[in-house]
Protein chains: 2
Amino acid sequence: MTNFKVGIIGAGPSGLAMLRAFESEQKKGNPIPEIKCYEKQDNWGGMWNYTWRTGVGKYGEPLHGSMYKYLWSNGPKECLEFADYTFTEHFGQPISSYPPREVLFDYIQGRIKKSNARDFIKFNTVARWVDYLEDKQQFRVVFDDLQKNETFEEYFDYLVVGTGHFSTPNMPYFKGIDNFPGAVMHAHDFRGADQFVNQKLLLIGSSYSAEDIGVQCFKHGSDSVTISYRSNPIGTKWPEGIKEKPLVTHLEGNTAFFKDGTTEDFDAVILCTGYQHKFPFLPDNLRLKTKNRLYPDNLYKGVVFNENERLLFLGMQDQYYTFNMFDTQAWFARDYMLGRIQIPEKSLRDLDIQKWMTYEDSTITGPDHVDFQTDYIKDLISYTDYPSFNLDKVADMFKSWLNDKEINILNYRDQVYTSVMDGTQAETHHTPWMKEMDDSLERYLTEEPIDEKELDKVNYY
Amino acid sequence: MTNFKVGIIGAGPSGLAMLRAFESEQKKGNPIPEIKCYEKQDNWGGMWNYTWRTGVGKYGEPLHGSMYKYLWSNGPKECLEFADYTFTEHFGQPISSYPPREVLFDYIQGRIKKSNARDFIKFNTVARWVDYLEDKQQFRVVFDDLQKNETFEEYFDYLVVGTGHFSTPNMPYFKGIDNFPGAVMHAHDFRGADQFVNQKLLLIGSSYSAEDIGVQCFKHGSDSVTISYRSNPIGTKWPEGIKEKPLVTHLEGNTAFFKDGTTEDFDAVILCTGYQHKFPFLPDNLRLKTKNRLYPDNLYKGVVFNENERLLFLGMQDQYYTFNMFDTQAWFARDYMLGRIQIPEKSLRDLDIQKWMTYEDSTITGPDHVDFQTDYIKDLISYTDYPSFNLDKVADMFKSWLNDKEINILNYRDQVYTSVMDGTQAETHHTPWMKEMDDSLERYLTEEPIDEKELDKVNYY
């Protein structure tokens with residue numbers, strides 16, 4: 001049955017995957033439900049949009065984007081490739097394994113531009129409030145058209161939430177930070193290394209943001225980068241100019257005090273302290289409440305909200321896999337909504353969720369986590385016709401990537417991998433990453449390496 | 001009749017004035033309605049709270065505060081004094097006319113601390129969505145308890161909105177600003193001059209933010225301050241180190257191009273481009289839609305929403321008068337809700353609003369605006385028992401203040417005024433403002449001037 005209405009909140013990689021999933025069904029000549037997608041930003045692409053703004057957007061909404069200048073993929077593109085639209089199909093030529101933001105954005109757009117997806121999306125529109133109407137078994141959603149400053153209501157039989165979880169900063173307080181006499185910001189508001197050239201930086205946190213912002217600032221000329229961790233250091237081999245220290249206990253003026261008794265003066269502090277899952281538009285009984293983990297509680301198959309089966313979430317997991325995981329989730333969501341996948345009753349769903357969460361609890365290392373998420377996607381993909389691909393080989397690439405980073409955090413992006421989708425071997429980029437200061441698509445697709453003299457080997461360690 | 005329920009959104013100066021108005025009624029032995037007040041922040045005081053955070057708060061909500069370090073009142077305290085609680089009553093001694101933030105915050109708290117107002121306020125709670133139920137003539141308000149991550153509903157007969165309008169940045173785009181290689185922020189996220197010491201600053205805007213941030217950065221050691229105006233310069237006599245230029249046309253790298261054909265390089269850009277009235281929790285037919293002006297449309301007596309008489313707004317005007325204007329509005333709102341003030345039918349209210357807006361349109365100069373707002377308050381105060389005070393004398397002080405600023409923007413805060421409430425003559429502060437780098441309450445109430453050598457006259461001009 002397709003006589004129903006689906007609302008999708010968010011037109012980032014998850015929301016676009018949902019639209020694509022329905023589109024592929026329609027292309028087969030099958031009927032699809034009525035679909036509407038709403039996006040807060042003025043363009044699709046979610047996190048892959050770049051904005052110069054910080055804090056709130058043009059219309060005063062909390063900014064979605066945590067994107068910054070000079071961001072290059074921090075994992076091989078071969079691990080995030082769509083199974084139904086390869087990089088080679090998009091660019092018509094092999095490219096390197098670690099493209100910059102603009103190139104990845106172009107790729108995401110490429111697949112969806114071939115469809116009429118844009119017609120389904122209403123931009124500059126934020127979901128303001130959701131009520132679930134038990135009698136009608138429908139969601140009433142109040143939207144706010146930011147450009148018109150007008151609100152309106154829509155009713156949906158299914159609601160798909162793809163609003164991401166890397167937008168709402170988690171920003172703990174450190175004693176004395178109120179009086180730190182330099183820039184203090186969360187990674188969410190970091191827009192590139194330029195303003196930190198020649199500065200001594202304190203980065204608090206030990207996940208991807210700290211690692212990537214730290215290395216970017218080192219590359220672009222910060223004086224020094226100190227990364228402060230709570231439990232465990234990132235532990236890679238750092239070049240001279242980047243170091244790790246245990247947690248900051250407090251600050252006095254521009255001096256930071258660390259747990260190991262040392263002190264150091266800084267010009268700026270960047271809090272790389274992660275993000276919160278936040279759904280201000282949902283009543284709390286429809287809210288996913290979880291920290292960032294591989295298997296959030298309360299989501300059957302990582303997708304169907306266990307307290308209300310008509311509410312679906314995409315992409316709410318901590319992520320090794322990204323675009324292709326969102327795809328497998330979207331295909332699952334589609335077939336579930338179309339009635340092709342029957343889900344068991346709640347007690348059995350609870351057991352299934354529990355099984356996965358227990359499995360996650362048994363994982364310890366990076367490779368364990370990769371294996372876990374690989375198994376999760378294998379399970380999902382078994383339910384639908386999403387093009388199958390060699391997931392074990394992708395898992396191997398993830399493990400190799402983890403290893404590359406440990407050996408040399410400055411040149412792991414110069415490594416190349418081979419697509420499991422179409423066998424394309426990536427090309428070595430014309431310029432070593434540490435020498436490539438221009439992250440534009442134009443420059444990326446140019447053949448010329450930069451000045452040979454610039455390419456003289458430098459041992460950063 | 002007092003058998004009704006009032007919801008107040010916001011516990012800043014406006015919300016607290018509303019609580020105080022009811023409290024003063026209760027103290028007379030009169031019955032008052034059931035009252036609940038909700039505040040997004042973890043303390044009262046609204047804009048007068050200081051937070052080190054920028055962008056969004058601890059729980060991911062857009063930050064209310066635009067407050068920064070080293071902020072001193074930019075108008076004489078004698079112009080904002082409560083008629084029923086003087087500075088002298090609070091501090092027990094005369095103080096200067098231009099106190100720093102902490103001192104003003106202490107004063108605001110002083111009056112309300114003497115009551116049980118805190119019991120009426122639920123902190124860390126944001127209004128998420130309002131529906132007006134025609135049949136019940138009530139508002140259903142969904143609140144979000146940020147600490148518990150839980151939502152709940154309340155029903156009110158009257159809703160008083162006191163959420164301010166200096167929280168949502170208005171941040172226009174300038175070509176090339178995306179690639180400016182230094183800090184770019186709105187005044188809303190400015191937290192003090194420290195991070196701009198020795199920097200060349202571009203401030204865009206020509207209102208209070210630009211004037212005050214510019215002068216603070218000059219005082220605290222920025223290399224230069226350039227203020228770029230759209231229509232008219234601030235036009236005061238600037239010292240060497242601060243100048244005004246016409247509007248930026250675009251930026252290239254760190255170079256700004258101005259309308260007069262000149263260019264200049266900068267280290268940082270601060271957009272002092274004002275704020276938007278924003279009410280995300282209200283459906284658009286209950287929203288006040290206005291720019292920042294002395295008499296916003298659609299508010300009868302500047303308080304009662306003309307499309308729904310049970311919805312009240314406090315403090316939505318552009319402001320010369322502040323705390324005592326909010327008081328007169330709150331007293332009016334109280335007596336209106338208590339049924340003591342009858343308002344005419346809509347067509348007559350329209351005429352009244354129109355009359356005031358026409359009057360506003362006829363004002364041109366600063367002194368004209370002061371006279372307008374003085375007349376507005378005189379009108380309001382005539383309806384209630386709010387203690388009357390010599391408004392003409394306050395208006396004279398505002399005009400004198402405007403003049404002081406024009407003569408010397410660096411020392412106008414050293415001038416002293418006399419309270420119209422109790423005749424107290426302000427004291428000259430122990431240290432000239434330009435020499436006073438410490439804005440703490442402790443330092444402010446200390447007798448000692450700073451090192452005499454430091455006080456040697458400097459001619460900044």
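## The largest nonpolar core

In this predicted model, the largest nonpolar core holds 110 residues, of which B:Met18 and B:Met337 touch the most other members; such a core is a set of buried Ala, Val, Leu, Ile, Met, Phe, Trp, Tyr and Cys residues joined through side-chain atoms within 4.5 Å, buried meaning under 20% relative accessible area with a 1.4 Å probe and protein chains only. Helix H5 of chain B (residues 323-337) gives this core its largest share, nine residues, helices being DSSP runs of H or I with at least four residues, and strands runs of E with at least two, numbered from the N terminus. Because domain 1 (5-167 + 275-398) and domain 2 (177-271) of chain B both contribute residues, the core lies between them, the bounds coming from an automatic or database domain assignment.

Beyond its neighbours within four places in sequence, B:Met18 is in contact (heavy atoms within 4.5 Å) with B:Ile8, B:Val160, B:Leu314, B:Ala330, B:Ala333, B:Arg334 and B:Met337.

## A parallel sheet in chain B

Five strands of chain B form an open sheet in the order E9-E16-E10-E11-E12, with parallel pairing, where two strands pair if DSSP finds at least two bridges between them. Strands E9 (183-186) and E12 (242-246) of chain B stand at the edges with a single partner strand each, so one side of each has no neighbour in the sheet.

Within the sheet, strand E10 (residues 200-204) and strand E16 (residues 268-271) of chain B pair in the parallel sense over four bridges, and B:Leu203 stands opposite B:Ile270 in E16(B).

## Conventions

Residues are numbered from 1 along each chain as its sequence is written, while chains are lettered from A and ligands numbered from 1 in the order in which they are written. Local features need pLDDT of at least 70 and side-chain atom pairs count only at pLDDT 80 or more, whereas totals for chains, interfaces and linings use all residues, and side-chain values use heavy atoms, with hydrogens and water left out.

Technical notes. Buried < 20%, exposed > 50% of the residue type's maximum accessible area, 1.4 Å probe, protein only.
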